[in-house]
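User: I would like to learn how to read the packing of a helix in a model. Please give the general idea, then the case at hand.

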Amino acid sequence: MAENVFLTGYAGDTINAYQAIPQGDGPFPGVLVIHHLPGWDSATKEITRTFAANGYNAICPNLYAREGMETDPDDAAAAARSKGGVPDDQFLGDVSGAIDALRALSTSNGKVGVIGYCSGGRQSFLTAVSLPVDAAVDCYGAFVTGTIPDGFPLKVVTLVDRTGSLGCPLLGLFGNDDQFPSPEQVTELEEALVAHGKTYEFHRYDGAGHAFFSTNRTAFRPEAALDGWERIFSWFGTYLSASEA
């Protein structure tokens, strides 16, 4: 079953979210889906349904809800970008509400993973170093490492200095033709994970750039995306399947 729901987010604000849950009594693990920079769109909702079809309670909060809950995703994304994007503290307040909502479901097994794409990949890492989640997936998240370009319109900071606070296993999926993050930036993050003794697994795909999971874009690379989906379900299957004691 898939439907729009409402959550309590940052500063007590009400935001909307897209929730998809499997049929049956469960218990099911939960997945927090973080949408990409283009917004809370049909492609991200399809990803959310894909998790439900594979036995996960899934929820994708609308990070641009303050631009209007019924606003066209393109317009909401443009409005959010014009303000410098979503501040990290606001983001964490919103997804904390989504995590609470997943764990409160009667069919929850108590475990929650997080996955994000593009800007959501960075935010997935931010979630994993800031909030109690059980597994994380970073799909080509930019500016976890590296240097923010001069004049960059989004107000973001890198996060690699927070690697020591990573509280769960991390899966990273990256294209070797990507610039944000570049292969060098991916290596920088990997070196930080090794230095801090973190559990992680990275996969890098030749011939793939940014947004290779996006079936509705020319960047889509079927071979990389299919392999990536297999690794995502294996990762979550390993770290989210057990019920809480």
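User: What covers the buried residues of helix 6?

Analyst: In this predicted model, the cover includes strand 3 (28-34), strand 5 (108-117), strand 6 (135-139), strand 7 (170-175) and strand 8, together with helix 1 (42-53).

User: Which residues of helix 6 are buried?

Analyst: They are Ala224, Ala225, Gly228, Trp229, Ile232, Trp235, Phe236 and Leu240.

User: How many residues does helix 6 have, and what is its reach?

Analyst: Helix 6 has 19 residues, and from first C-alpha to last it reaches 26 Å, close to the 27 Å expected at 1.5 Å a residue.

User: Is Ser214 buried or exposed?

Analyst: The cut-off for buried is under 20% relative accessible area. Ser214 has 11% relative accessibility, so Ser214 counts as buried. This serine is in the loop between strand 8 (200-205) and helix 6 (222-240). Leaving aside residues up to four places away in sequence, Ser214 touches Tyr140 and Phe220.

User: Which residues have the most contacts inside the largest nonpolar core?

Analyst: Leu32, Ile59 and Phe91 do, in a core of 41 residues. Helix 3 (residues 88-104) gives this core its largest share, six residues. A second, separate core has 31 residues, including Trp40, Phe51, Tyr117 and Tyr205.

Note on methods
Residues numbered from 1 in each chain as written. Predicted model: local features only at pLDDT ≥ 70, side-chain atom pairs only at ≥ 80, totals over all residues. Heavy atoms only, no water. Helix = DSSP H or I, 4+ residues; strand = E, 2+ residues; numbered from the N terminus. Buried < 20%, exposed > 50% of the residue type's maximum accessible area, 1.4 Å probe, protein only. Contact = heavy atoms within 4.5 Å. Core = buried A, V, L, I, M, F, W, Y, C linked by side-chain atoms within 4.5 Å. Expected span 1.5 Å × (residues − 1).
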